[in-house]
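Good morning, colleagues. May I ask you to turn to the structure that I shall present today.

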Amino acid sequence: MNIQCPTPTHEDEVVLLGHGAGGRLTAELLDQLVLPAVGGGTGPLEDAALLPGHPGLVMSTDSFVVSPLFFPGGDIGALAVHGTVNDLAMRGARPLALSVSLIVEEGLPLAELRSVMASLGKAAQDVGVPVITGDTKVVGRGAADRLFINTTGVGQRHELLCPSAALARPGDAVLLSGPIGLHGTTVLSTRERLGFESDIASDSRPLHRLVHALAPLGEAVHVLRDPTRGGLAAALNEIARDSSVAVEIEESAVPVPEAVASACDLLGLDPLVVANEGCLVAFVDAGSAEEALDALRSLPEGARAVRIGEVLERDPRGRVTLRTLVGARRIVDMPLGEQLPRIC
């Protein structure tokens, strides 16, 4: 008799919600399945890509599946515009044009769709970027959750800027343009009716003006990243990994609104892993840090910009640490998987 112990196979594996959370499971899915299939995987995974053969042009695409569709401070329509504009901005680009594709579930009230599209159109108009093409599909009841939006953006990179997640250097100052955790906690509180949404609102907004304000610093701006899925923790870990550097931040310097801290305490969440939609992280040459802060603070969306840490010349490279309020250090890990589902 030939008895074999069962072993797990790839055929037994399934996609988990955590594969879309922007943490380690997302990285594994990309590295092991998605990128090999399309011939990708060389170099860091940026928020947007340079178009081959077209110097200065940048492209990004994103899909938005947030639930609920409307929340304090925003909705899925404005979020779709802001998210794609911001991904272009993180490569130093101003938006030139957007495409918008809708996947609508049968039964969605036309009044809600009308409100979403009005908000999307206003957000694009406020940014000054035209929506030039798109597509609409309607699927049966239960085949989608009300409304999904995909947006693709093309941008023109500022001639003085060429930021990349692989360009952080020892000695760099780590800057943050505003408080963290607002978007994720607002969406979660609204969806689950936790009550915190009366005290907080999503920070969903475009960041391209902040990047334009940083442009005169030129090559002193090494890295730009908006900490969306996976929050500040994921963004810093990605930069530390791709630049092969050690990053340390100060707990006392990271701005966490009181309502966000309260919500995270109640839910057992770390504010560092909660998604944001209206702040950016900048790694800049230490000698230009104060000038960069002045530039960020010159605009309303960067009025609360702060310096939160630095890049260190030490091993192990690729590690992010946080100096706590009592002076101890703890490792800030890349989030594993889904903690706040359907927040963007």
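This is a predicted model: local features need pLDDT of at least 70, side-chain atom pairs count only at pLDDT 80 or more; totals for chains, interfaces and linings use all residues.

I begin with a sheet: seven strands form it, it is open, and its order is β9-β11-β8-β12-β10-β13-β14, with mixed pairing. The edges are held by β9 (221-225) and β14 (329-331), each of which has a single partner strand, so one side of each is left without a neighbour in the sheet. On average, neighbouring strands here are turned by 25° against each other, direction ignored.

Residues are numbered from 1 along each chain as its sequence is written, and side-chain values use heavy atoms, with hydrogens and water left out.

As for terms, helices (H or I, at least four residues) and strands (E, at least two) are DSSP runs, numbered from the N terminus. Two strands pair if DSSP finds at least two bridges between them. Axes are lines fitted to C-alpha atoms, for helices over the stretch in contact, and angles run from 0 to 180 degrees between N-to-C directions.

Within β11, Val284 stands opposite Val221. Helix α8 (residues 289-297) lies across β8 (173-176), β11 and β12 (306-312), at about 10° to β8; contact here means heavy atoms within 4.5 Å.

I turn now to another group of strands. Which strands does β2 pair with? With β1 (residues 49-50), β2 (residues 57-64) pairs in the antiparallel sense over two bridges, and Met59 in β2 is the bridge partner of Ala49. The hairpin of β1 and β2 has six residues between the strands, and Gly53 takes a positive phi near 80° there. With β7 (residues 147-157), β2 pairs over eight bridges, also in the antiparallel sense. Phe64 stands opposite Ile149 in β7.

Glu192 is found in helix α4 (residues 182-192). Glu192 and Glu310 are 118 residues apart in sequence and 37 Å apart in space, C-alpha to C-alpha.
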